[in-house]
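Q: Please take me through this structure step by step. I would like to know what lies behind each label.

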Amino acid sequence: KNRARADYSVQQLLDLQAGEGMDLTLPLVCGFVMTNPIFWNAVSRVEYRTRLISRLAGGQKNGVVILATLILVLNGLRTNIFHSLVETDDTPLQLLSNPVVVLIGQAMVAIGTIFVLWSTWRLGFFGTFMGDHFGLLLKERVTGFPFNVTENPMYWGSAMIYFGYSMQHASLVGFLLSLCITLSYAIAIRIEEPFTAMIYENAASHSD
C-alpha cells in the first residue's frame, strides 16, 4: 500500500476524476500547495544564512534567477493541477451556480491578476523573487498601488484568483484547495515579514 502511494505520479493526479479517488487526491494536492510558499521561504533563509545558492550559482543575481525559476515551475504545476481538479469536479455548489456569482468570480480573477502583475512591476524581478535574502536590497520601501491597498498584494491577489476561478466553476474542490492556498499564504507572511524586516534592519545598522 505504501509503495502504491509512493508510485502515485503527478500525471495520475491530473487525470483523476473527482469521484475516482478524490479522498486521496485532495489531501495530497492540499499538502503540495501548502508547502510551496513555505518551501521557498525556507530556501531563501538558507541562502541568507549561508550564501550557498549564490556561491553555487556564481553570484547573487544568478542565485535569484535559479530560485525564481524554481518558484515559477512549482507555481505552474500547482496551477495546472488546481485547474484540472476544478474542471473535472462533479460536486458543484448549486448555491453558486448562477450568472451573478460567475461575474463576481470573473471580477475577483481580474482584480487578483492586477494585484499580482502590478506588484511584480513595482518590486521588479529581484524584489519579487526574494532578492533581499540574496543581498539585493530595495533602495526604499514600496508604498504605491497595490501596496497602499494591502501590504501583501501578491499573496492576496493570487488567493483572489484561485477563489474567483472556483466561483466561476461553482467548484467545492476548488474552494477547499483555495482555502489551503490562502492558509499557506497566511503562514508564509508570518514567516517572511519579520525575517525580511530583520534583513533591512541589519543592513541599515551595518551602513551606519
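Q: In which helix does isoleucine 38 lie?
A: This is a predicted model. Isoleucine 38 lies in helix H3, which spans residues 22-50.

Q: Why is isoleucine 38 called partly exposed?
A: Its relative accessible area is 30%. Buried means under 20%, exposed means over 50%, and partly exposed is in between. Isoleucine 38 is therefore partly exposed.

Q: Which residues form a nonpolar patch with Ile38?
A: Leu183 and Ile187 form the patch with Ile38 on the surface. Together they have about 210 Å² of accessible area.

Q: What makes up the secondary structure of the protein chain?
A: There are eight helices and zero strands. From the N terminus on, the elements run α-α-α-α-α-α-α-α.

Q: How many residues does the protein chain have, and what share counts as buried?
A: The chain has 208 residues, and 40% of them count as buried.

Q: What describes the packing of two helices?
A: The angle between their axes and the distance between the axes describe it.

Q: Are H5 and H7 roughly parallel or roughly antiparallel, and why?
A: Helix H5 (residues 60-87) and helix H7 (residues 153-168) pack at an angle of about 20°. Their axes are 10 Å apart. Angles under 35 degrees count as roughly parallel. H5 and H7 are therefore roughly parallel to each other. Their crossing is right-handed.

Q: How do you know which way H6 and H7 run relative to each other?
A: Helix H6 (residues 99-128) packs with H7 at an angle of about 155°. Their axes are 7 Å apart. Angles over 145 degrees count as roughly antiparallel. H6 and H7 are therefore roughly antiparallel to each other. H6 passes H7 in a left-handed crossing.

Q: Where does methionine 130 lie, and what is its phi?
A: Methionine 130 is found in the loop between H6 and H7. Its phi is positive, about 65°, although methionine 130 is not a glycine.

Q: Why does methionine 130 count as buried?
A: Its relative accessibility is 6%. The cut-off for buried is under 20%, so methionine 130 counts as buried.

Q: Is the peptide bond from phenylalanine 145 to proline 146 cis or trans?
A: That bond is cis, with omega near 5°. Proline 146 lies in the loop between H6 and H7.

Q: What makes arginine 51 partly exposed?
A: Arginine 51 has 26% relative accessibility. Arginine 51 lies in the loop between H3 and helix H4 (52-57). Its phi is near 60°, a positive value in a residue other than glycine.

Note on methods: Residues numbered from 1 in each chain as written. Predicted model: local features only at pLDDT ≥ 70, side-chain atom pairs only at ≥ 80, totals over all residues. Heavy atoms only, no water. Patch = residues over 30% accessible without salt bridge, like charges linked within 9 Å, V, L, I, M, F, W, Y side chains within 5 Å. Areas by Shrake-Rupley, 256 points an atom, 1.4 Å probe, with all protein chains shown as cover. Salt bridge = Lys/Arg side-chain N within 4 Å of Asp/Glu carboxyl O. Helix = DSSP H or I, 4+ residues; strand = E, 2+ residues; numbered from the N terminus. Buried < 20%, exposed > 50% of the residue type's maximum accessible area, 1.4 Å probe, protein only. Axes fitted to C-alpha atoms, helices over the stretch in contact; angles between N-to-C directions. Parallel < 35°, antiparallel > 145°, perpendicular 65-115°, else oblique. Left-handed = near helix turned anticlockwise from the far one by under 90°.
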